[in-house]
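Here are my comments on the model, point by point. Please read them with the structure open.

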Amino acid sequence: VLVALGFIVTFVPSHLVRYLVGSELDALGIRYDGLETLDIRPWTRELRLGPVQFGQQASTPAGVGDLDLSLRVHPLLRRRVAIERLVISDIEILVTRDADGALALNGIALDELLTGAEESAENGTASGLWTAGVDALELRDSTVVLKRSDGGVLEVDVERLVMTDFRAWEPDHPGRFELTARVNDIQLNWSGEARPFADKITLNIDSRTAQADLPKVIRFTAPLGL
């Protein structure tokens, strides 16, 4: 019995989550590859994923090279998703915005994905809603490209983004961040703190920006008439 229980606790969660996620993606018409790499380790509260790709049939798939997450268990009893550590690397995402302002992620319409979450939030009560927080998040070697319908392009190459102590249940406690990235080949070295969950959102940045030539800005904004 103990061996059987150990087997169930060790291997069943990964297969169950793969099935549930795969079923949901299939229902949304999203193709994916690499979902079998999803591995949940209940004994250490860890989740690993990658490399994995996803997207619509006619689009270039988005990619995630590696995702490593560890979760705190006790806060779940208070409806808090408390991430102890989250490391993500080699993300490749294309975000497009049409003339009506609608966003798509590698061909996947974001409004379709968010509709269910918005309806759940509207129907939920204040005491029944979940909150989330992260002790340490690190994003490495990733690219996000935003293309607008008017031809504007914003290409963000993130060398390293570190975020610490961002918790929705502590809205007035500032989280810290450090960012090293290139935006349309403009070098950014930013650090600071933010309160994104507070009633009055605040953001303090100590920034160093280099090589911010006007043509690189115009690539996204179009000619400014200056």
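This is a predicted model: local features need pLDDT of at least 70, side-chain atom pairs count only at pLDDT 80 or more; totals for chains, interfaces and linings use all residues.

1. In strand S11 (residues 175-183) the side chains alternate. Gly175, Phe177, Leu179, Ala181 and Val183 are buried and point to one face.

2. Now the neighbours of S11. Strand S10 (residues 153-167) runs antiparallel to S11, joined by 8 bridges. Strand S12 (residues 186-195) also pairs with S11 in the antiparallel sense, over 9 bridges. Val158 has Ala181 as its bridge partner in S11, and Ala181 stands opposite Leu188 in S12.

3. S11 and S12 make a hairpin with 2 residues between them. Asn184, in the turn, has a positive phi of about 50 degrees. Arg182 forms a salt bridge with Asp185, with the closest N and O atoms 3.9 Å apart. Arg182 counts as partly exposed at 28% relative accessibility. Asp185 is partly exposed too, with a relative accessible area of 42%.

4. On charge pairing: side chains of opposite charge can pair when their charged atoms come close. The structure holds 19 salt bridges. One of them joins Glu84 and Arg72, with the closest N and O atoms 3.5 Å apart. This pair links distant parts of the chain, 12 residues apart: Glu84 sits in strand S6, and Arg72 in the loop between strand S5 (62-71) and S6. Glu84 is partly exposed at 27%, and Arg72 is partly exposed at 34%.

5. Arg219 and Glu155 meet in a salt bridge at 3.2 Å, N to O. Arg219 lies in helix H3 (residues 214-221) and Glu155 in strand S10, so the pair ties together parts that are 64 residues apart in sequence. Arg219 is partly exposed at 36% relative accessibility. Glu155 is partly exposed at 25%.

6. Salt bridges also form a network. Its members are Asp39, Arg41, Glu46, Arg48, Asp66, Asp68 and Arg85.

7. Val1, Leu2, Leu5, Ile8, Val12, Leu16, Tyr19 and Leu20 form a nonpolar one, with about 880 Å² of accessible area together. Tyr19 is in helix H1 (residues 2-27) and counts as exposed at 56% relative accessibility. Val12 lies in H1 and is partly exposed at 37%. The negative patch is formed by Asp90, Glu92, Asp141 and Glu159. Asp90 belongs to strand S6 (residues 80-97) and is partly exposed at 42% relative accessibility.

Conventions: Residues are numbered from 1 along each chain as its sequence is written. Side-chain values use heavy atoms; hydrogens and water are left out. Helices (H or I, at least four residues) and strands (E, at least two) are DSSP runs, numbered from the N terminus. Buried means under 20% relative accessible area, exposed over 50%, partly exposed in between (1.4 Å probe, protein chains only). Patches are made of residues with over 30% relative accessible area and no salt bridge: like charges are joined within 9 Å, nonpolar side chains (Val, Leu, Ile, Met, Phe, Trp, Tyr) within 5 Å. Accessible areas come from the Shrake-Rupley method with a 1.4 Å probe; for residues, only the protein chains shown count as cover. A salt bridge is a side-chain nitrogen of Lys or Arg within 4 Å of a carboxyl oxygen of Asp or Glu. Lys and Arg count as positive and Asp and Glu as negative; His and the chain ends are not counted. The place of a charge is taken as NZ of Lys, CZ of Arg, CG of Asp or CD of Glu. Two strands pair if DSSP finds at least two bridges between them.
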